[in-house]
Amino acid sequence: MFGSAKKKDPAADAKAARLKQVESLLALVPGTKALDAERTMFEVQTRLPSRMLLCFRIQLPPNFPNEPPAVTLAEPKRLEHAWLDRNQYVVYPKLFPGQWRPTDSLGRTIQDVLQEFSRNPPTCKSPATMSSSSSASRSSPKPLPAPQRFTAVPSVPVEFPELRTKTSAELETMLQDQETFDGWLKQQPGVVNLKNIRDQIAANNALLNQRVNELEERVRGADEEYEPIRIALDTKMAQLDQVTRKKRDLLDRETAGVQMQRLQEGADEVDGESQRVAERMCSGGVDAKQFISEYLDLRRRYHSRMARREWAAASAPVASTQSAFNNVSIRK
């Protein structure tokens with residue numbers, strides 16, 4: 001008469017909770033990018049007031065949101081912060097397994113992380129805290145063998161046909177003697193297969209761990225080789241900025257008023273020289289031919305400079321400083 005209650009599907013509920021968390025991240029943290037189709041890895045970038053760009057990676061474990069996400073600072077490397085451990089993992093207390101709750105908002109959690117790094121920017125590690133790279137890290141690493149692929153885990157059998165070959169006495173012995181039963185069970189093909197798969201998974205995990213350690217060593221070596229280049233580049237950029245400021249200061253000094261003042265001083269100087277030539281002529285210190293040659297040259301220079309001064313005064317509101325500096329010659 002009454003419909004039976006609909007059974008809950010734990011897998012569907014977990015999937016819905018995971019999707020809700022991902023949607024909160026995309027909605028509350030603009031610019032978030034998914035790095036894989038399964039949407040288990042995300043990238044978030046933020047620019048600090050100092051113009052430094054930080055790139056965070058967010059890894060969602062298979063059991064998320066029942067397990068906390070893992071957040072790492074991907075770029076830049078070698079930064080120090082109260083919320084960063086030596087492996088660049090963000091150690092925000094809310095991300096700890098004992099503190100994270102499935103109902104916590106992933107988007108708000110990442111917002112808290114970004115706000116913390118914006119309020120308290122990280123600092124570069126000092127050379128004294130950097131470990132020197134070993135010679136092995138700089139040498140070409142030997143290629144590691146690829147992990148072997150193992151077969152899927154077989155399903156648990158519903159029945160054991162091997163038991164049908166046992167007599168009643170043998171079955172009674174197995175029921176009463178745990179050691180006998182365990183010995184028979186371990187010899188079954190399915191159990192042997194499971195044991196082989198377990199050993200293969202352990203071997204693959206060890207191989208992957210070796211590969212990760214070697215790659216991390218290579219990355220550390222590359223970072224240490226890059227560090228002097230980055231420092232040299234920063235030094236060159238600072239020198240270029242200093243030269244640019246000096247050039248700007250020099251151009252600012254060459255205003256129209258300064259140019260007109262220099263032109264006026266040059267014209268006054270030539271006018272004084274022409275007056276002294278005229279006085280020498282009057283006192284008989286120079287003949288008429290020499291007087292005419294020197295006097296006319298000085299007066300030509302005087303009127304030329306005065307004309308240039310008037311031109312500079314008329315064009316000062318529209319002419320650029322550099323153009324006026326290049327077109328006006330104070331002393332010929």
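The entries below go from the whole protein to single residues.

**Entry 1: the overall picture.** I noted at the start that this is a predicted model. I then asked how many helices and strands the protein has. I found 9 helices and 6 strands. Next I checked burial: of the 332 residues in the protein, 24% are buried. For the accessible surface I got about 23400 Å², and carbon and sulfur atoms hold 56% of that. I also looked at contacts with a separation of 6 or more, and 55% of them join residues 24 or more positions apart.

**Entry 2: aromatic pairs.** I searched the whole structure for aromatic pairs and came back with 5. One of them is F56 with F117, an edge-to-face pair with 5.1 Å centre to centre and 75° between the planes. Where in the chain do the two partners sit? I placed F56 in strand 3 (residues 53–59) and F117 in helix 2 (residues 106–119); they are 61 residues apart, so I logged the pair as a link between distant parts of the chain.

Another pair I wrote down is W83 with Y92. This one is stacked, at 4.5 Å centre to centre with 15° between the planes. I read W83 as buried because its relative accessibility is 17%, under the 20% limit. Y92 is buried as well, with a relative accessible area of 13%.

**Entry 3: a charge over a ring.** I then turned to Y302 and found R299 lying over its face, 4.5 Å from the ring centre.

Entry 4: I looked up D104 and found it in the loop between strand 5 (79–80) and helix 2. Helix 2 is also the element that holds F117. What does D104 contact, once neighbours within four places in sequence are left aside? My list reads Q21, K94 and Q99.

Entry 5: I traced L233 to helix 6, which covers residues 189–253.

How values were computed: Residues numbered from 1 in each chain as written. Predicted model: local features only at pLDDT ≥ 70, side-chain atom pairs only at ≥ 80, totals over all residues. Heavy atoms only, no water. Helix = DSSP H or I, 4+ residues; strand = E, 2+ residues; numbered from the N terminus. Buried < 20%, exposed > 50% of the residue type's maximum accessible area, 1.4 Å probe, protein only. Contact = heavy atoms within 4.5 Å. Areas by Shrake-Rupley, 256 points an atom, 1.4 Å probe, with all protein chains shown as cover. Phe/Tyr/Trp six-rings, centres within 6.5 Å; stacked < 30°, edge-to-face > 60°. Lys NZ or Arg CZ within 6 Å of the ring centre and 35° of its normal.
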